[in-house]
Amino acid sequence: MNTMKRIDRSAKVRVGFHEAKWDEPIIYELSKPGERGILAPKAEKQVVQAVGDGVSVLPAALRRREAVNLPEISQNRVLRHYMRLSQETLGADVNIEIGQGTCTMKYSPKINEQLARGLFDLHPLQDPSTVQGIMEIFYQTDKYMQEISGMSRFTFQPGGGSQGLFTMASIVRAYMDSRGETRDEFITTIYSHPSDAAAPALKGYKIIYLQPNPENGLPDFEAFKAACTSRTAGFIQANPEDTGLFNGQIARFVDYAHQMGALCCYDQANGNAVLGVARAKEAGFDMCHFNLHKTFSTPHGCGGPACGATGVREGLEEFLPAPLIDFDGEKYVFNYAFENKEFGVHKVRSYYGVAPVVFKTYCWIRSMGPNGLYQVTKTAVLNNNYLFRKMLEIPGISAYYMDGKNQRVEQCRYTMEKIFQDTGVSTGDVQRRMMDFGMHYWTSHHPYFLPEPITLEPTESPSREDIDEYVNTLRYVFQECYDNPEYVKSAPHRSTTHQVDESVMDDPEKWATTWKVYLRKYK
Amino acid sequence: MRGFANHPYIPNSDPRIQGEMLHEIGMTSLDDLHRDIPDELKLHREMDLPEAFDSEYALQRHVEGLLKKNRTCKEYLNFLGAGCWQHYVPALCDDINSRGEFLTGYGGEPYNELGRFQSLFEYASMVAELVGMDVVNVPTMDWAQAAATTARMAQRYTGRREVLVPELMDPDKLNIMRNYCADDVHFIKVRCTGQGLLDKADLQSKLSENTAGVYFEMPGYLGQLETEPQAISDLAHAAGALSLVGVDPITLGVLEAPANYGADIVCGDLQPLGIHMNYGGGQSGFMATRDEEKMVMEFPSRLFGIAPTSQKGEYGFGDVAYDRTSFGHLREKAKEYVGTQSALWGITAGVYLATMGPRGMEEVGQAMMQNAQYAAAKIDAIPGLKANALGSVFMKEFLVDFSGTGKTVEAVNRALLDKQIFGGKDISKEFPQLGQCALYCVTEIHTGEDLDRLAAALAEVTR
């Protein structure tokens, strides 16, 4: 007789989740002298016969005295180790990515990844006649970026968003230098990425922060006018900022900055809010950058390789790093015209940038088309406003700057200040607890401008059920804050590790950034 | 309706679901979603972009068609290097770095992305052994960026503003360093001898109380190896400056670790360690120093440290001295900036070093040297050609001087292309004083037959 009943799967929260936990040793602990991971290629007999051992030509002072202290591990054991470490990493492929706000954690199509392997064996200095395919991809992707932004020309050299911001700051500096201007200030906002401040500072600029208007969360135009002077070289801002609020007055800011002789840079690291809806050009910006690993899906790679594609308006092309890729009517050619200009950026990264990232961007745009890109933005914004509505239904959760319209663009910064006041459980505690359900949760860049912040961004990738599950899980955790606050504070309980003793991280006597230092300090 | 309904990458692009979701949030159309953007900022037309392919297969066919317009270094015989090198990539490297968990990981915490933290801690541990240092950063963009940061670290550490560099360094790299260091570091070129080595008298004359560091490379841009690196470090130290050494890490199975000849900061590119050339997309920079507080605090990059957890016997990880970085509370007042750089290549380099082990690194170093010496000898035997034109000790790269043939490198390379060979990088425009020279790169991937084929082709095209 069959005693089995239908298994109850109605629970809305994955209370049974546990992240992979292998208690994996450090790779040096796996070493066993004599084991080998691979047989490396060797010189052939005829070569050895002709030149001997090869290394004897080295003067004694250059010759390594002892073998490198690397682990000795057979191949299958190396594989197993890294497979386990990969399983202990919560990538976008395995979780409902809503929690890493501002990061635009969308689906990265596998077909693009597979196709990108076709670039493995291309050398960047090959004769252009032998790389017309990849040059065409750079050229066309530049054209697509031009249409998406309204800018006139793009460089793909910057290897990440921050390097894109740095490239924009470098362009501003070169432009000002070319005009003999000695402006020394850059204006940004407190809700923009830290690199919006740090990158211009490296080019010698003093950073002026705009504070948000406490009513609507947006930078205040009158405050901007007070800050923007003949000393202002550049204005750099994300729009929407991390709050998910779009500054509809942005064109006035840009106009005023132009009147004062400054250039305006649009941080579009995250462009998901506006594809096919609004562009840098119409707002009057002089330049912008897109993180191809974010908006264009290429993916994030645990933090790169990446690309901060940077575009400028007509008239500023000469300040872009060299080379650009042109089409002469028959073939694709490198354009080095701006490489040796007296005032220019000249170069920011070796060769032409991270080619596989540009390649995957091309593939993604071609799989979307103009309607697909528009759909990306509309769905991302729809998902976010749906999430926004559901979040605000959770007791104790609110968002700042509820101005009556009560909507956001592609992300939102919430606050759990009330829950913290009621229970003593902080947003950092909830962040760790969410990991017990296989989910990310991000607070804010530092310093926290708003108390107990939560920043969420669903992108276009989750389904409605995914969003519901994320919200239900959060609701469950916030209830726990009242029912069992100590349990939340001591989280994670079902992640790969438990709470780290962070006190060692700022103590030079105790920190250990490599295995050898660890062994030296902890005998 | 505008928009691509039911797109496979967008679950909620189903019009029915969208309608329900809009209804739930009290909106009637997708237009309402962008109410906060004024009309004059909106694009009131469809973007002028090619329509989407109507299937994944169609995309694949199209892109494969584009890829067919390329000739790869597996189809052709390749001798280009100059900062991006063709080495053997063990299968494990691609297998691990294409794991979805690593490929799509990002900014999680050491609890739920422990694998990312541990694998990058391990990469740093192994690279530290290669160079003989204690501290290695989560990788930056490329060697040039690492060298630029090395210069800035030296500037902050010493409070001085000049960094001396070899006149025969890669001009692209120097351009990147100059742009990055802006007004804070002045780069001064030191003359090189006929062998391409730093002229110590000139070096001595340019060292002063303004010198933050002396930057040199092992091997140099043109393949040349300094024979007395300790003497260069000593000169720097005597002037109160730091010794800054750029390395090609794949040479370090046979070459001495820079820490053992006086280096204070080491930098280089991880690309040769298990990362494909990727048309220049495989570059990844690192810096390394001793575990000295003052030095560690000058790193702009993230540094992952090991730590205990609340559970006995468990390894945990975290960010060492996080507030050094612009991610911390100091933002622009922290060290330079940090952001997304090239972490996946760091993980890959770790897989490479763990797979190769000490013997593999020694063997690959030896095989490169043997093959390169064999190629140089064969080329040198061709009338009018001079291989290893600088006459220095070299590892895998060396100059070939075509001046004696009356032909330009450009013409030679064009003729080699017809024979499906990528000749060495033409450096005659970068360094006209060296004549018609090309920089050849020979590694462990070349067979004796490949090198014979190169020599025969060179003999033919220069006849």
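**Exercise 1. Which helices of chain A and chain B each supply at least two residues of the lining of the largest cavity?**

Before we start: this is a predicted model, where local features need pLDDT of at least 70, side-chain atom pairs count only at pLDDT 80 or more, and totals for chains, interfaces and linings use all residues. Residues are numbered from 1 along each chain as its sequence is written, chains are lettered from A and ligands numbered from 1 in the order in which they are written, and side-chain values use heavy atoms, leaving out hydrogens and water.

*Solution.* 
- Step 1: A cavity is a set of points on a 1 Å grid over the protein atoms alone where a 1.4 Å probe fits but cannot get out, and lining residues have an atom within 4 Å of a point. Helices are DSSP runs (H or I, at least four residues), as are strands (E, at least two), numbered from the N terminus.
- Step 2: look at the centre. The lining has 22 residues, and A:Glu113, A:Phe120, A:Lys360, B:Leu103 and B:Trp345 lie nearest the centre.
- Step 3: name the helices. Chain A brings H3 (110-116) and H9 (355-392), while chain B brings H3 (91-97) and H11 (343-380). H9(A) gives the most, with three residues.

**Exercise 2. Follow S8 of chain A to its partner.**

*Solution.* 
- Step 1: S8 (residues 324-327) pairs with S9 (residues 332-335) of chain A in the antiparallel sense, over four bridges; pairing takes at least two bridges found by DSSP.
- Step 2: pick out A:Phe327, which stands opposite A:Tyr332 in S9(A).
- Step 3: check the turn. Four residues sit between the strands of this hairpin, and A:Gly329 has a positive phi near 105 degrees.

**Exercise 3. What share of the 523 residues in chain A is buried?**

*Solution.* 
- Step 1: buried means under 20% relative accessible area (1.4 Å probe, protein chains only).
- Step 2: by that cut-off, buried residues make up 66% of chain A.
- Step 3: for context, chain A has 14 helices and twelve strands, and its C-alpha trace spans about 80 × 80 × 55 Å along the principal axes.

How values were computed. 1 Å grid on protein atoms, 1.4 Å probe; cavity = no way out; pocket = protein on both sides within 12 Å on 5 of 7 lines; lining within 4 Å. Buried < 20%, exposed > 50% of the residue type's maximum accessible area, 1.4 Å probe, protein only.
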